[in-house]
Amino acid sequence: MDILKTTNLKKYYGSGDTIVKALDGVDLSVADGEFAAIVGTSGSGKSTLLHMLGGLDRPTGGTVEVEGKNIFSLKDDSLTIFRRRKIGFVFQSYNLVPVLNVYENIVLPIELDGNRIDKTHIENIMETLGLTGKINSLPNQLSGGQQQRVAIARALASKPAIILADEPTGNLDSRTSLDVMGLLKVTSERFSQTMVMITHNEEIAQMADRIIRIEDGKIAGGSHD
């Protein structure tokens, strides 16, 4: 079953002679439980695509469906709630709250939503990501790789339909990058978690189930590993 689908997705900036077609009719589908990597050079449209998939920005045209629901049919307030419940984000810059410890950062989205915390699920995630001993540490007491693990744990915590990872290893050295990628793959498999990652790094993309290439705002030929 496709958990994520885009149809003729477009995002244009400007008009007339100066129009920039950041996305120019993208048709894309991701199956439930799949780990897909979207690969493209700088300016190819991959970041714009990720923002659309996550409902962070509205398209010029076309649709994004998550679990069969066209997310852009929702008003802004409803879209914010839908995003918090259904989509987990992992950014290059970690985006942790500096005054909260590891555990508090991980459960923050659940608490914002007023939901009950599934402690067993959180413990499983922390164990999988090797964070059990760091539960009371603040972000500034952690290495970059550890901070990114916390960000991954936070994304997994609310059991989202999809995790969107934006250059998740962009700030990490090559060895830590491979560690973090290995953990993304393990968590994807262990928690049957659908993941879509954007990256410009071919080596990292190879660890995904499928590579989708984007060039000039359009999907190029896709390939399976």
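Modeller: We need one definition to begin with: a strand is a DSSP run of E with at least two residues, and strands are numbered from the N terminus. Please keep in mind that this is a predicted model.

Colleague: What makes strand 6 stand out in the lining of the largest pocket?

Modeller: Strand 6 gives 4 residues, the largest share of that lining. The elements that give two or more residues are helix 2 (76–86), strand 6 (87–91), helix 3 (102–112) and helix 5 (144–157). The pocket has a volume of about 350 Å³, and among its 16 lining residues R84, I87, F89, P109 and R154 lie nearest the centre.

Colleague: Why are strand 2 and strand 5 said to stand at the edges?

Modeller: The open sheet has 4 strands in the order 2-1-4-5, with antiparallel pairing. Strand 2 (20–31) and strand 5 (69–70) each have a single partner strand, so one side of each is left without a neighbour in the sheet.

Colleague: Which classes of residue line the second largest pocket?

Modeller: Its lining has 3 nonpolar, 2 polar and 6 charged residues, and Asp, Glu, Lys and Arg count as charged. R84, D113 and K159 are among the residues of this lining, so by that definition these three belong to the charged class.

Terms used: Residues are numbered from 1 along each chain as its sequence is written. This is a predicted model: local features need pLDDT of at least 70, side-chain atom pairs count only at pLDDT 80 or more; totals for chains, interfaces and linings use all residues. Side-chain values use heavy atoms; hydrogens and water are left out. Two strands pair if DSSP finds at least two bridges between them. On a 1 Å grid over the protein atoms alone, a cavity is a set of points where a 1.4 Å probe fits but cannot get out, and a pocket is an open set with protein on both sides within 12 Å along at least five of seven lines; lining residues have an atom within 4 Å of a point. Grid points are joined across faces, edges and corners, and a volume is the space filled by probe spheres set on the points.
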